[in-house]
Amino acid sequence: MSELINKYRPNTWDEVIGQDRVIKSIQSVLTKNSSRAFVLVGPSGVGKTTIARLIGKSVGCNGIDIVEIDAATHTGVDAMREVTGRFAFKSVTGSPRMLIIDECHSLSKNSWEATLKSIEEPPPGVYWVLCTTEP
C-alpha cells in the first residue's frame with residue numbers, strides 16, 4: 001500500500017486535488033517569506049504530509065534536508081532534543097532544511113517544551129511543519 005501512496009503522491013502544487021484554499025494560503029505565505037513554521041490539521045489521508053513535502057520543495061530543500069519524524073514513535077524529550085540539535089547547524093548542501101513532525105499531537109508535554117523555542121525562533125534556513133489529526 002505504501003508503495004502506491006508514494007508512487008502516486010503529488011509532486012507539484014498543481015497535482016494536489018481538493019486543497020485549493022490551503023495551497024493558495026501557503027503559497028502566499030511562502031511568497032511573502034512571512035513564516036517558517038506551519039501547522040497542518042485534518043483527518044488521515046487528506047494530504048498533510050504531501051503538502052509539507054511540497055512546502056519543502058518550494059523553499060528549495062533537497063530531499064536529504066527534509067527530515068520526517070513520526071511523533072507517535074518518538075514521543076520523548078530526548079528524541080526531540082536530538083532532532084532539534086541537528087537543525088542548529090547549516091546543511092552540508094547549503095539548502096534550507098525542514099523538519100516534518102507527523103502526528104505531533106502525540107508528543108509529550110516535556111517534548112513540546114524542549115521544542116517550542118526552536119519552532120518559535122528557527123535558525124536561518126530551517127522550516128517546521130507540524131501535522132496532526134487533533135486540532
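Lys48 is buried but forms no salt bridge, and the nearest side chain of opposite charge, Glu103, is 5.8 Å away. Buried means under 20% relative accessible area, with exposed over 50% and partly exposed in between (1.4 Å probe, protein chains only). A salt bridge needs a side-chain nitrogen of Lys or Arg within 4 Å of a carboxyl oxygen of Asp or Glu. Lys and Arg count as positive, Asp and Glu as negative; His and the chain ends are not counted.

This is a predicted model: local features need pLDDT of at least 70 and side-chain atom pairs pLDDT 80 or more, while totals for chains, interfaces and linings use all residues. Residues are numbered from 1 along each chain as its sequence is written, and side-chain values use heavy atoms, without hydrogens and water.

**Around Lys48.** Lys48 sits in helix 3 (residues 48–58). Helices (H or I, at least four residues) and strands (E, at least two) are DSSP runs, numbered from the N terminus. Leaving aside residues up to four places away in sequence, Lys48 touches Leu40, Val41, Gly42, Pro43, Cys131, Thr132 and Thr133. Contact here means heavy atoms within 4.5 Å.

**The sheet.** Strands of a sheet pair through backbone hydrogen bonds, either parallel or antiparallel. Here, 4 strands form an open sheet in the order 1-4-3-2, with parallel pairing. Strand 1 (37–41) and strand 2 (66–70) are the edges, each pairing on one side only. Neighbouring strands are turned by 15° against each other on average, direction ignored. Two strands count as paired if DSSP finds at least two bridges between them.

| Strand pair | Bridges | Sense |
|---|---|---|
| Strand 1 and strand 4 | 5 bridges | parallel |
| Strand 2 and strand 3 | 5 bridges | parallel |

Val39 has Leu130 in strand 4 as its bridge partner.

Helix 5 (residues 109–120) lies across strand 1 and strand 4, at about 135° to strand 4. Axes are lines fitted to C-alpha atoms, for helices over the stretch in contact; angles run from 0 to 180 degrees between N-to-C directions.

Which residues of strand 1 lie on its covered face? They are Phe38 and Leu40, while Ala37, Val39 and Val41 are on the uncovered one.
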